[in-house]
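Student: I'm new to this one. Can you walk me through it, piece by piece?

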Amino acid sequence: MRSGFPRRPLPRSPQPCPGDHPPGFRAFFLPGGLSRAFPVVMPFVELDTNLPAGRVPAGLEKRLCAAAAAILGKPEDRVNVTVRPGLAMAMNGSAEPGAQLLVSSIGVVGTAEENRGHSARLFEFLTKELDLAQDRIIIRFLSLEPWQIGKKGTVMTFL
């Protein structure tokens with residue numbers, strides 16, 4: 001431990017638990033020995049690219065929303081998509097056209113096997129839509145916990 005940087009305990013997050021829970025839900029052990037099932041909802045899909053806005057196909061956000069919903073097995077009305085064109089970006093030391101996709105969700109992007117399948121289908125979609133080679137696209141998967149998503153003035157843990 002370096003001086004001047006006190007160690008703070010990390011917040012205790014709910015831990016996934018196995019067992020029977022309704023389809024579309026993921027169960028967690030909560031502090032105090034309780035367990036609760038949370039809806040597996042609200043994937044967030046964020047596309048950052050240095051392609052100029054004029055080179056990004058019109059309506060891409062809607063098609064990406066539909067594709068992500070199908071790929072992740074979620075209803076389209078639960079998927080949140082952001083497309084940010086015209087960014088200053090460098091990938092692998094090059095400023096050539098490229099894109100970074102971030103897919104984050106509760107319970108959908110948790111394993112290497114799941115993400116390998118998601119990745120293949122998302123790469124197929126992005127290479128066609130953006131006319132980019134696979135080596136100019138990066139996809140990051142981030143598994144979220146219910147306490148990391150705010151909704152209706154609280155967090156998903158309490159909904």
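Predicted model: local features only at pLDDT ≥ 70, side-chain atom pairs only at ≥ 80, totals over all residues.

Student: Let's start with H1. Which residues of H1 are buried?

Tutor: Leu60, Leu64, Cys65, Ala67, Ala68, Ala69, Ile71 and Leu72 are the buried residues of H1. Buried means under 20% relative accessible area, exposed means over 50%, and partly exposed is in between, with a 1.4 Å probe and protein chains only. Helices (H or I, at least four residues) and strands (E, at least two) are DSSP runs, numbered from the N terminus.

Student: How many residues does H1 have, and how far does it reach?

Tutor: H1 has 13 residues and reaches 18 Å from its first C-alpha to its last. That is close to the 18 Å expected at 1.5 Å a residue. The expected span is 1.5 Å times one less than the number of residues. Just after H1 comes Gly73, with a positive phi of about 70 degrees.

Student: Which sense does each pairing of E6 take?

Tutor: E6 and E7 pair in the parallel sense over 8 bridges. E4 and E6 pair in the antiparallel sense over 6 bridges. For example, the bridge partner of Asp48 in E6 is Gln100. In E7, the bridge partner of Gln100 is Ile138.

Student: How does the chain get from E6 to E7?

Tutor: It crosses through H2, in a right-handed β-α-β crossover. Right-handed means that, with the strands pointing away from the viewer, the path from the first strand over the helix to the second runs clockwise.

Student: Why is E6 called largely enclosed?

Tutor: Because 7 of the 8 residues of E6 are buried, E6 is largely enclosed by the rest of the structure.

Student: And the core? Which residues have the most contacts inside the largest one?

Tutor: Leu47, Leu101, Val103, Leu126, Leu130 and Ile139 have the most contacts inside the largest nonpolar core, which has 26 residues. Such a core is a set of buried Ala, Val, Leu, Ile, Met, Phe, Trp, Tyr and Cys residues joined through side-chain atoms within 4.5 Å. Strand E4 (44-49), helix H1 (60-72), strand E6 (99-106), helix H2 (112-130) and strand E7 (137-144) each give two or more residues to this core. The largest share, 8 residues, comes from H1.

Student: What is Leu47 in contact with?

Tutor: Leaving aside neighbours within four places in sequence, its contacts include Leu60, Leu64, Val83, Leu101, Leu126 and Leu130. There is also a second, separate core of 5 residues, including Met42, Leu144, Ile149 and Met156.

Student: Last thing: loops. Where is Asn92?

Tutor: Asn92 is in the loop between E5 and E6. Asn92 has a positive phi of about 55 degrees although it is not a glycine. Asn92 is exposed, because its relative accessible area is 67%.

Student: And Lys152, buried or exposed?

Tutor: Lys152 is exposed, with a relative accessible area of 71%. Lys152 lies in the loop between strand E8 (150-151) and strand E9 (154-155). Its phi is positive too, near 55 degrees, in a residue other than glycine.

Methods:
Residues numbered from 1 in each chain as written. Heavy atoms only, no water. Contact = heavy atoms within 4.5 Å. Pairing = 2+ DSSP bridges.
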